[in-house]
Amino acid sequence: MESTHSNNRGFSSEGALVPSVVWRLLVSGVMALAFLVVDQVSKMIVRRAVMTGFFSVEVIPGVLGLEFVANRGAAFGLGEGMGWVFVLLAVGVTAFVLVYLLRAPKISRLEVLGMGMVVGGAIGNAIDRLVFGFVTDFFATRFIDFPVFNVADIGITCGVAIAFIGFMFFSPAAREHNDSNLQAGVEDGSDR
């Protein structure tokens with residue numbers, strides 16, 4: 001019988017490189033903290049620049065600009081006036097991720113990374129809502145008409161995509177499910 005205890009590299013000995021709970025919490029915590037710090041520092045720089053008269057500048061003409069927007073809604077300006085709801089949502093997302101990381105029997109490393117990014121972004125925007133009553137947005141795309149966004153929004157959006165890809169294509173649990181479905185099809189003769 002094969003052991004599923006963690007080895008000293010933070011992975012189970014199943015051969016599927018299932019990260020241990022300690023590895024999950026450490027890596028997702030580092031990712032969350034990294035996105036939170038970069039988000040808050042970048043927003044602080046933008047708010048200070050606004051105090052000196054900055055409101056917009058072209059970084060890459062026709063592609064990307066920096067433009068201050070005090071977003072009182074959710075992501076991309078939706079849900080204005082519902083700041084407390086989004087703070088509670090950030091708390092809920094953080095709690096869900098923590099429980100998932102602690103309880104999921106099998107999880108991919110990409111899921112862990114993505115969830116850390118989501119938590120860091122959610123907390124970053126929640127801090128803005130609690131402290132300032134709005135979220136500081138400043139990245140403005142020029143090549144398409146897209147709402148102004150920030151580092152936290154990047155963390156949330158990319159984190160969800162990375163966690164989804166990790167779950168769908170790299171999760172040991174998803175692989176086992178797909179393998180069992182394939183095996184059931186072979187046994188039924190329905191793989192022809």
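Modeller: An axis here is a line fitted to the C-alpha atoms of a helix over the stretch in contact, and the angle between two axes, from 0 to 180 degrees, is taken between their N-to-C directions. Please bear in mind that the model is predicted. Helix H3, residues 109–132, packs against helix H4, residues 151–170, with the axes 7 Å apart and at an angle of about 160 degrees. Angles over 145 degrees count as roughly antiparallel, and H3 and H4 therefore run roughly antiparallel to each other. The crossing of H3 over H4 is left-handed. The contact between H3 and H4 consists of 14 nonpolar, 6 polar and 2 charged residues.

A second pair is formed by helix H1, residues 21–51, and helix H2, residues 83–103, whose axes cross at roughly 150 degrees and come within 8 Å. H1 is therefore roughly antiparallel to H2 as well. In this contact, Val21, Arg24, Leu25 and Ser28 of H1 meet Leu98, Tyr100, Leu101 and Leu102 of H2. By class, these residues are 6 nonpolar, 1 polar and 1 charged.

Strand S1, residues 56–60, pairs with strand S2, residues 64–71, in the antiparallel sense through 4 bridges, and Ser56 lies opposite Glu67 in S2. The hairpin of S1 and S2 has 3 residues between its strands, and Gly62 adopts a positive phi near 80 degrees there. S2 is also joined by 6 bridges to strand S3, residues 135–141, again in an antiparallel arrangement; here Asn71 stands opposite Val135 in S3.

Key:
Residues numbered from 1 in each chain as written. Predicted model: local features only at pLDDT ≥ 70, side-chain atom pairs only at ≥ 80, totals over all residues. Heavy atoms only, no water. Pairing = 2+ DSSP bridges. Helix = DSSP H or I, 4+ residues; strand = E, 2+ residues; numbered from the N terminus. Parallel < 35°, antiparallel > 145°, perpendicular 65-115°, else oblique. Left-handed = near helix turned anticlockwise from the far one by under 90°. Nonpolar A, V, L, I, M, F, W, Y, C, P; charged D, E, K, R; others polar. Contact = heavy atoms within 4.5 Å.
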